[in-house]
Amino acid sequence: MGKRFASIWFRHLTTDWVTLRKPQLRELPFVLAAPVHGRMVVMAANALAESQGISAGMVVADAKAFLPGLEVIDDRPRLAGKLLRALGLWCIRYTPVIAVDPPDGLILDISGCAHLWGGERIYLKEIVTRLRSKGYDVRMAIAPTIGTAWAVARYGKATPIVESGGEGGALVYLPPAALKLEPDVLERMHKLGMRTVGSFMEMPRSALRRRFGDQLLMRLRQALGKEEEHVVPLRPVPPYVERLPCLDPIRTATGIEIALERLLETLCRRLAGEGKGLRTAVLKCYRIDGKLVQIAIATSRATANVTHIFKLFALKIAQIEPALGIELFVLEAPKVEDADAVQEALWDSASGLEAAELAELLDRLTGKSRGCTVRRYLPDEHHWPERSIRLAASLSEKPTIPWSKARPRPTRLLPRPEPIEVTAPIPDYPPMLFRHKGEVHPIKKAEGPERIEREWWMDKGEHRDYYYVEDEKGQRYWIFRSGHYGDDHPRQWFLHGFFA
Amino acid sequence: MMDSKREIVSRLKQDILRLQGFIASESHVASNMGLGPVEDAFPNGTFPRGGVHEFISESREEGATTCGFIGGLLSHLMKTGGVCLWIGTSSTFFPLAAKVFGVEPDRIIFVDMPREREVLWAVEEALKCRGLAAVVAELQEMDFVQSRRLQLAVEKSRVTGLVIRNNPRSIGSTACVARWQIKPLPSVLEEGLPGVGHPRWEVELLKVRNGNAGRWQLGWSESGFVPVPKPAQMDGRSAERIKMG
């Protein structure tokens, strides 16, 4: 797909802004003036003043002579530049690449953006209406080159959208000024009767160069798309991206590793320099058959450590299908956070849960397999066994209450209690034996009951009476009876865990 | 003459140990695991920390006692504030129980992998990580090559690897430094007291690299492992002799 550019022309940029600040000026002709060589000269005139024949460059005294009611306001230098910058930043919602086009315009690189609004016509209409509703008188045009977009926005009379390949046709009827030429060149053209671009477009290059210089040819070629025109984007976007084009398509894992390492080094150097670390990173591989393959990683803490990030990616390199070869690698860090520099210094010496090695290891484990879960438990203020522990939110979270060992707890707890058959002599005495999976376990020693009530505000059901029992072989179990004895239906017993 | 020969033999033994990856730790006291007589079975009379230990558990009850015994080992290994990784496919270890064995349960990180092959990979990665005190793995099968990989990883990082093999289908030879089996024994109480006493186990070292296999009885009390006095141990030995006879 070819490039598409939009040019926005603010016809009365500074005066519109002044009108916004002072609404009472809306119905009055006024000019912005500044002293030049000791005289007050009009720098900008609003639409009303312009319709009365006043234009920029006039001396204020002359203007006042034939429009006595003219308001004169002091011009602020650099106001236009500031306004354009602010408007450009506002326009980033429409495309990431925006350049200021002094003195009164913006250039937008809209390649691949317009379809998000449902087509270029709607896109253009949306921007123009939004800017007009803000109070700026704008004209906008979309063309395949910056030059043509600029020309059509300012001098175009037909459609504001120039299709790819239609640059020449769009320029033919425009005046030479549409090519952004110097005033003396324009004057010479005027004298020679060249009123439109079309009148000299087909002339031999050597003849044009001799009479009007190189600049005209360059502008013409740029407008027609025969020469590249560059703009300096207002904000380089997206921020943390590194690109690596390859001369020969890369097809081997080693090649991908080398590319990745080089990208990581530049990206991490930049991150480290800014005191930041990445939390997620995406490696995009553009293949020569036009397809895009990508792998992504995430880290548990912000890091700019090349070897660590490389290890995380290395686990996934096998997922890249190079097919005929990869011609461009792009490494992006969509999520970047401030890395704690102090912590970084301590990392090497820290042991235990704060160790960098541990965080990196866990990143590797979770990065390898989708089904991998990493859990750490903290005590919780519940007696109910399943709820007596809770998951820790992070590696550094500290327990808020001490771990209790007042009561015996099994080393293995069944996720779901298994029903058993029990012979018990008298109510609330430990059972004499229990049968589990066809095996009889005569109970020799027992401790209990330990009654654990269900938390009625959380769920309904019976309480549990736990017994810690040991059978004749010395095997130790944690069994419980659900609910009271004495009701008309027999009570169910369960095996819930194994003791050491 | 005899003395010099004995000297040469013991020096050669040390050399062999060194070549096999046993590095005598600097301080004997630090590596004491409180296992009492069991430690004498190991080369140099110390529990090898930089090694992979294999625990066979043939039932869920044995699995629970193995967890208890490992908890006791962890309490020594994690004394200096280390962290332990517990890797398995679906571990049923109850963290609250770790406290009973003197381990802060929040210093254990549980990692669940969906498949056994990935568990092995994760264990190997974890064993390479110097920042850990110990790695506990719950596996069913492990062949010689896999155990060799783990042992090589450990010899570099000096992390203790403890592999619990739940209901293994086949027990082939492995490169682990020791193969244990921990079976439950009835607890002992003072005459006439109700309840269940402190846990007691029959600890069997089925295989020890460069050491002597054997069988002991150990108990656990609040202060650590408690070796059961000699007569019980003699019983074990004599039982073995009867079996062999």
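1. Two residues are in contact when they have heavy atoms within 4.5 Å of each other. By this rule, residues 24 or more positions apart account for 69% of the contacts in chain B with a separation of 6 or more, and in chain A 55% of the contacts between residues at least 6 apart in sequence join residues at least 24 apart.

2. This is a predicted model, in which local features need pLDDT of at least 70 and side-chain atom pairs count only at pLDDT 80 or more, while totals for chains, interfaces and linings use all residues. Residues are numbered from 1 along each chain as its sequence is written, chains are lettered from A and ligands numbered from 1 in the order in which they are written, and side-chain values use heavy atoms, with hydrogens and water left out.

3. Helices (H or I, at least four residues) and strands (E, at least two) are DSSP runs, numbered from the N terminus. Chain A has 15 helices and 19 strands, whereas chain B has six helices and nine strands.

4. A residue is called buried under 20% relative accessible area, exposed over 50%, and partly exposed in between, with a 1.4 Å probe and protein chains only. On that scale 46% of the 500 residues of chain A are buried, and in chain B, with its 245 residues, the buried share is 56%. As for accessible area, computed by the Shrake-Rupley method with a 1.4 Å probe and, for residues, with only the protein chains shown as cover, chain A exposes about 26,500 Å² and chain B about 11,300 Å².

5. A nonpolar core is a set of buried Ala, Val, Leu, Ile, Met, Phe, Trp, Tyr and Cys residues joined through side-chain atoms within 4.5 Å. The largest one holds 55 residues, of which Leu35(B), Phe69(B), Leu74(B), Trp86(B) and Trp180(B) touch the most other members. Helix α2 of chain B (residues 60-77) gives the largest share of this core, six residues. Because domain 3 (375-406) and domain 4 (412-498) of chain A both contribute residues, the core lies between them; these domain bounds come from an automatic or database domain assignment.

6. Phe69(B) shows such contacts in detail: leaving aside neighbours within four places in sequence, Phe69(B) touches residues including Leu35(B), Phe55(B), Trp180(B) and Trp201(B). Another core, of 35 residues, lies apart from the largest one, and Val18(A), Leu25(A), Ile73(A) and Ile98(A) are among its members.

7. In chain A, a closed barrel of six strands runs β14-β15-β16-β17-β18-β19 with antiparallel pairing, where two strands pair if DSSP finds at least two bridges between them. Neighbouring strands of this sheet are turned by 45 degrees against each other on average, direction ignored. Helix α2(B) packs on the sheet, and its direction makes about 130 degrees with that of β14(A); axes here are lines fitted to C-alpha atoms, for helices over the stretch in contact, and angles run from 0 to 180 degrees between N-to-C directions.

8. Elsewhere in chain A, strand β7 (residues 138-143) has five of its six residues buried. Six bridges join β7(A) to the antiparallel strand β1 (residues 5-10), and Trp9(A) has Arg139(A) as its bridge partner in β7(A).

9. Why is Arg205(A) counted as partly exposed? Arg205(A) counts as partly exposed because its relative accessibility is 40%. Arg205(A) belongs to helix α10 (residues 205-212) of chain A and, not counting residues up to four places away in sequence, touches Leu217(A) and Arg221(A).
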